Amino acid sequence: MSSFKLSAQLAAHEADVRDVSFPAPDLVLSASRDHTVRAWTRTASSPPSFEPHIVTQGSEFVNSLACLPPSTGFPKGLVVSAGTDSIIDVRSVAAGPSDNAERLLIGHAQNVCALAVVPGSRFIVSGSWDSTARIWNASTWEAEAVLDGHEGAVWDVLPLSENLVITGCADKNIRVFDLGKAVAGQVQPRSTIYTPDVVRALCEVPKSHPSGADIASASNDGTIRLWKLSGQQVGELRGHTSFIYSLTSLPSGELVSSGEDRTVRIWHGSECIQTITHPAISVWSVAACPANGDIVSGASDGVVRVFSRSGERVASPETLAHFEESVKSSSIPQQEVGGVNKEKLPGPEFLKTKSGTKDGQIQMIKEDDGTVTAHQWSVGQQQWINVGTVVDAVGSSGRKVEYGGQSYDYVFDVAIEEGQPSLKLPYNLSENPYARAQKFINDNELSQNYLDQVAQFIVSNTQGATIGQTSDASSGPDPYGTESRYRPEGETSAPKILPVRDYLDITVAKYEPMFKKILSVNSALVAAGRKGISLNPSSQSTLEALKQALESNNPVTDDLTISLVVMMCTQWDYSDRLAPLDLLRCIATSPATARFRSGENSPVKIAISAALEDIPDGSQPNENCTMMALRTIANLFKTADGRKLLAQPSEASAAISFIGRVVGIRGQPAIGPFNRNLLLALTTVAINYAVLASKQLGSISTDNQIRLTSSLALVLQKQTDPEVIYRALVAVGTLITVIGKAAPEARSLSSSIKSAKERVSEARVQTIANECLSLLV
């Protein structure tokens, strides 16, 4: 199939183009940070040209748009747009900026970042930073339903039918909603797909796609993941080098993506067959025309660009030359391409004698004048395309930047909220990224939820820049793949990770919604007259005191409080146990919890029974309750009393049997086989038991160690998530050091380790897998 070529460049916007739509061959719509929505009407076919007019002129950024098809009342269709003012504007495509909107839809509380038309065109769906998605009736313009359950911005919405809507969220989850299950205008997710990173974009995967996937998601980690609606991941598309902002599909069955690495990429099956680099920092949006398969992009340089595979719709030679020169003359920050050693780069002759190995491959060239240029391989054209000149980052060149009266290696502009001024983030290479991220959060009074995101922003934007630092040899290797310590010249071997020696816990919690849910359930119990298991005023006071203790990071010390939590976990209806189990795992880090007994039952057995007992007939164990039970066991390892409890033969046997039940040992149905959070909790418990067995030889029986490795072997054989696989390998490797490489049970793990290594290409997974295999030699 032929490659896409530029068809038209549409320049009129005065700021970033954040969203685009291509509803018909003669109509393009664009939304911009210049506060406008513009409609572009085709006025000539070959070479193509478009005439713009402003449909909407507001006072806030416009970040999302959709188009309702032509109707009797609106023969050109309706433009639906929204942005930072949180109001959804509906008006005719033919309208002008002085015209009134047909409707203004009010309901969201923050920036509306996603809009889509539901198949059948009777409804539209919106997604917002207010952590909700909403369904709107396109006849009455009333809100039909609110899609609840999100714990972050709803970055994208994907309606698959009038009853089925998918959302992608900043909390790293994809949620599936059945609109037929609305209760009093609220819809809870039918199911949740747990992903490794923030979900920025979604699209439906054509039925002809070889993966058999139903939907695709794109994330901040530059990966496109292919999913069945059951939650099973069936593929990954890798090629982007930064955030992916937009996804769409073509009539041909191919997928198209765009992102922060300045590119639009075309995917045929699992292969990137074309990379279109833009002369911009970001390509915010890409859309396809369903009638002819052309695509349109919106970028940070304010230009809308149309691309086509049809020779009849290719731009004029002058327009093509201008586009190519714009790409060639653009500057690329060094951190975008990593460290560049000019002395080892090939010269221009390389481009004439060597071919690339895949579309989008980047090759650095040292030009005759000493500058460094970046060239991208085009499979379609079978040649290298100049995509810009590499410029030094401040930190790597040694130049300092003044800010606040001090000198820094970097001063970044960080946009935390759409429509608000960027915040300054100063950073020196000698600093710990997390320490600087924490100071940035404190100085700007930001949510603690931003810590990882800001720290990773610093790391990714200072790659390749170095400064002489001393290493703390006493701290030991970092077992979780983040080590970047200086090594003496000639020392090429990586530090040994196994056996690990530190216990892990999972303690981050959102107390407000947790306690709110508990009180809500309690109110329902009181209303139903179930006073035997409801909380009286005294118990509610105890609960409030517990909330304050947890928020102050104080341990629980009294059995009365623990027994109250246990009562809710074991006596409340099975469907109401998730919040109490979440609370139990939060207090599991206290020594008093490890010492607590309810009759013959310890906290380990209480958590397991709460997750697996009293399940309604015909139902399966709740995977999130199971996850919380595993987190409870993981957190008990935090104290000496907890480790003493978990080492008892009956407790270890119960916990390891629970792990086996979850993964589906001996043919049992697995619980939450695609629930990433559950699997991370499970592998965390496995790591902790492996550490206990390694540090206290004889504390865990050989039989229990072997049963644990059998469960981990299933994880290695079936899972694809890099973090889940990494933790499973850490646990397996540590157990091998205890069991011994000669043991048949240890040697039988070799095939499972190799299977995981073949499926997951991430560098740290390869490293830990190789170390595990080396232990068996």
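Predicted model: local features only at pLDDT ≥ 70, side-chain atom pairs only at ≥ 80, totals over all residues.
**Helices H18 and H20**

Two packed helices are described by the angle between their axes and the distance between the axes. For helix H18 (residues 722-739) and helix H20 (residues 750-759), the axes come within 11 Å and cross at roughly 155 degrees. Angles over 145 degrees count as roughly antiparallel, and H18 and H20 are therefore roughly antiparallel to each other. The crossing of H18 past H20 is left-handed. On the H18 side, the contact is made by Ile725, Leu729, Val732 and Ile736; H20 contributes Ile753, Ala756 and Arg759. Sorted by class, this contact of H18 with H20 comprises 6 nonpolar residues, 1 charged residue and no polar residues. An α-helix has 3.6 residues a turn, so residues three or four places apart point the same way.

**Gln766**

Gln766 belongs to helix H21 (residues 763-775). When neighbours within four places in sequence are left aside, Gln766 is in contact with Lys757, Val760 and Ser761. The C-alpha atom of Gln766 is separated by 10.0 Å from that of Ile753, a residue 13 places away along the chain. Ile753 is one of the H20 residues that make the contact with H18.

**Thr167**

Thr167 is located in strand S15 (residues 164-169). Its relative accessibility is 0%, so Thr167 counts as buried. The side chain of Thr167 is joined to the side chain of His150 by a polar contact of 2.8 Å. Not counting residues up to four places away in sequence, Thr167 touches Ala133, Leu147, His150, Val154, Asp156, Val157, Asn173, Ile174, Arg175, Phe177 and Leu202.

| Pair | Atoms or groups | Distance |
|---|---|---|
| Thr167 and His150 | side chain to side chain | 2.8 Å |
| Gln766 and Ile753 | C-alpha to C-alpha | 10.0 Å |

**Helix H14**

In helix H14 (residues 640-647), the buried residues are Gly642, Leu645, Leu646 and Ala647. These buried residues of H14 pack against helix H11 (591-595), helix H12 (603-612), helix H13 (623-636), helix H15 (649-663) and helix H16 (676-695).

Conventions:
Residues numbered from 1 in each chain as written. Heavy atoms only, no water. Axes fitted to C-alpha atoms, helices over the stretch in contact; angles between N-to-C directions. Helix = DSSP H or I, 4+ residues; strand = E, 2+ residues; numbered from the N terminus. Parallel < 35°, antiparallel > 145°, perpendicular 65-115°, else oblique. Left-handed = near helix turned anticlockwise from the far one by under 90°. Contact = heavy atoms within 4.5 Å. Nonpolar A, V, L, I, M, F, W, Y, C, P; charged D, E, K, R; others polar. Buried < 20%, exposed > 50% of the residue type's maximum accessible area, 1.4 Å probe, protein only. Polar contact = N/O pair within 3.5 Å; in protein donor to acceptor, adjacent residues only side chain to side chain.
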